[in-house]
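This report describes the architecture of a single protein chain.

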Amino acid sequence: MPVRSMKLAGERFELTARDAAFPELLRTIPKPPARLYGVGDPAALKAGLAVVGARRATPYGRGAAKRFASMAAARGIVVVSGGARGCDAVAHEAALAEGAPTVAFLGGGCDQVYPAENVGLFQRIVDGGGAVVSERPWDFPPQPYTFRERNRLIAGMSRATLIVEAGLPSGTFSTADEALAAGREVWVVPGSITSENSRGANRLLYQGALPIVDDDAFADALFTTYGCLKEPVVGAGEPGRESGGAALTPEEELLAALSAEPLGMEALRGLARAHGPAEGDSLTWLMVWLTKAQRDGLIAQYPDGRYGPRVAVAARRER
C-alpha cells in the first residue's frame, strides 16, 4: 500500500508498560502493546470515546460521525479513532473544530503515515494538543494485518466504542469485536435496513449493542459512562451553539432523510424549506438536487412516486 515517509512536527515520545504515563486502559486489554511510539502530547492518552465508521462513508455516516464526535469533544472527552478515510477522519476533524484534543492510532509507524492524504490532518491533531500513536516502530510500514491489530488499541483506549456506520464485512465491525473482548461498551448508530453500509451496524444492534437513536440517547450514554454533564462544557465550540447539533449540509440532510425512509414530494418540500439554502427558491433547488442525486445513483424514484435509496429498488428487482 502507498505510504509517505514523513516526520510529523512535534514532541516525540516512547512509552512502555513500566512508564507512569503509559495509559492504564491499555494495560488490561488482551495482548497489551509492549511499547507505544507517538508524536504529540502523551497526556492526551486518557480514557476516551472511540468513534469509528466506514472508509467509504455515506453522507449519513459522515454526518453521524461529525455530530456525535462534536458532542463528545464539547464535553471534554477525547475522541479516539484511526485516522482513516471517511468516518474516522470526520470524527477527528469534528473534535479539532471544538478545540479539543483527539488521538489517532496508526497501522504503521508514525513516520510511515497512512493514508498519505491525511498527513495534514495528523499534523493538526498534534498541533491541537492530541497525539498520533502506534505500537509499531517509527519507520514500520503499514501492512493489512497491522490495521486489525491497531483496532484493539482504538477500542482499548476508550471506555466505549461508537460505530457510526459499518458494512459487512468491515474493519469497523472488528473494532466492535475488540471492544467487547476488552470489556468495553459498544454503541451503534442505526442505519437503514436497505443500506449496504449499515448492515454491520444493524447486525451489532441485533446482537445487543446500545442504540444511539438521537442526541438525547447519546448524551445519556455519555453521562452514564463518563459522568460528564449533559450540556456542553462552557466555552467549548462556537458561542451559542449546541455542539450536538453539528450542522449537515442541505444535501446531506436530504440524503440522510431519504436513507432512513422513502419520502413523497410534500415531505421533501418541507425538508427543502427547513434545510435548503437560505437564498433562492427552495422548490427549484430541491428539483435540481433530486435530478442530480438520481443521476449519480444516490437515490431512485419508486413506482408510487416517492423517492428513496437506490438499493431498495435494486433489491425488489432481484426478487
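## Overall composition

The chain contains 12 helices and 13 strands, where helices (H or I, at least four residues) and strands (E, at least two) are DSSP runs numbered from the N terminus. This is a predicted model, in which local features need pLDDT of at least 70 and side-chain atom pairs count only at pLDDT 80 or more, while totals for chains, interfaces and linings use all residues. Residues are numbered from 1 along each chain as its sequence is written, and side-chain values use heavy atoms, with hydrogens and water left out.

Of the 319 residues in the chain, 51% are buried; buried means under 20% relative accessible area, exposed over 50%, and partly exposed in between (1.4 Å probe, protein chains only). Among contacts with a separation of 6 or more, 71% join residues 24 or more positions apart, a contact being heavy atoms within 4.5 Å.

## Nonpolar cores

The largest nonpolar core comprises 31 residues. Such a core is a set of buried Ala, Val, Leu, Ile, Met, Phe, Trp, Tyr and Cys residues joined through side-chain atoms within 4.5 Å. The residues with the most contacts inside the largest core are Leu 26, Leu 45, Val 103, Phe 105, Val 133 and Ile 163. At least two core residues come from each of strands S2 (12-16), S4 (48-53), S6 (102-105), S8 (131-134) and S10 (185-188), and likewise from each of helices H5 (144-156), H6 (171-181) and H7 (199-206). A second, separate core has 30 residues, including Leu 49, Val 90, Val 189 and Cys 228.

Leaving aside residues up to four places away in sequence, Ile 163 touches Val 52, Thr 172, Ala 176, Val 186, Trp 187, Val 188, Val 189 and Leu 204.

Helix H2 covers residues 59-74, and its 16 residues should span 22 Å at 1.5 Å a residue; the expected span is 1.5 Å times one less than the number of residues. The end C-alpha atoms of H2 are 22 Å apart, which agrees. Its buried residues are Gly 61, Gly 63, Ala 64, Ala 65, Phe 68, Ala 69, Ser 70, Met 71, Ala 72, Ala 73 and Ala 74. These pack against S4, strand S5 (79-81), helix H3 (87-97), strand S9 (158-165) and helix H8 (215-226). Just after H2, Gly 76 adopts a positive phi of about 85 degrees.

The axes of H2 and H8 cross at roughly 40 degrees and come within 11 Å. Axes are lines fitted to C-alpha atoms, for helices over the stretch in contact, and angles run from 0 to 180 degrees between N-to-C directions. H2 and H8 are therefore oblique to each other; angles under 35 degrees count as roughly parallel, over 145 as roughly antiparallel, 65 to 115 as roughly perpendicular and the rest as oblique. Arg 67, Phe 68, Met 71 and Ala 72 in H2 meet Asp 215, Phe 218, Ala 219 and Leu 222 in H8.

## The H10 and H11 pair

Helices H10 (residues 265-275) and H11 (residues 282-295) pack at an angle of about 115 degrees, their axes being 9 Å apart. That makes H10 roughly perpendicular to H11. From H10, Met 265, Leu 268, Arg 269, Ala 272 and Arg 273 meet Ser 282, Leu 283, Trp 285, Leu 286, Met 287 and Leu 290 of H11.

## Helices H5 and H6

The buried residues of H5 are Thr 146, Phe 147, Arg 150, Asn 151, Arg 152, Leu 153, Ile 154, Ala 155 and Gly 156. Their cover includes H1, S4, S5, S6, S9 and H6.

Thr 175 lies in H6 and, at 3% relative accessibility, counts as buried. Apart from residues up to four places away in sequence, Thr 175 touches Val 52, Asn 151, Ile 154, Ala 155 and Thr 161.

## Individual residues

Glu 185 belongs to strand S10 and is partly exposed, with a relative accessible area of 36%. The C-alpha atoms of Glu 185 and Ala 160 are separated by 4.5 Å, although these residues are 25 apart along the chain.

Tyr 114 and Pro 115 are joined by a cis peptide bond, with omega about 0 degrees. Pro 115 lies in the loop between strand S7 (112-113) and helix H4 (119-127). Lys 31 is not a glycine, yet has a positive phi of about 55 degrees. Lys 31 occupies the loop between helix H1 (24-27) and strand S3 (35-40), and is exposed, with a relative accessible area of 52%.
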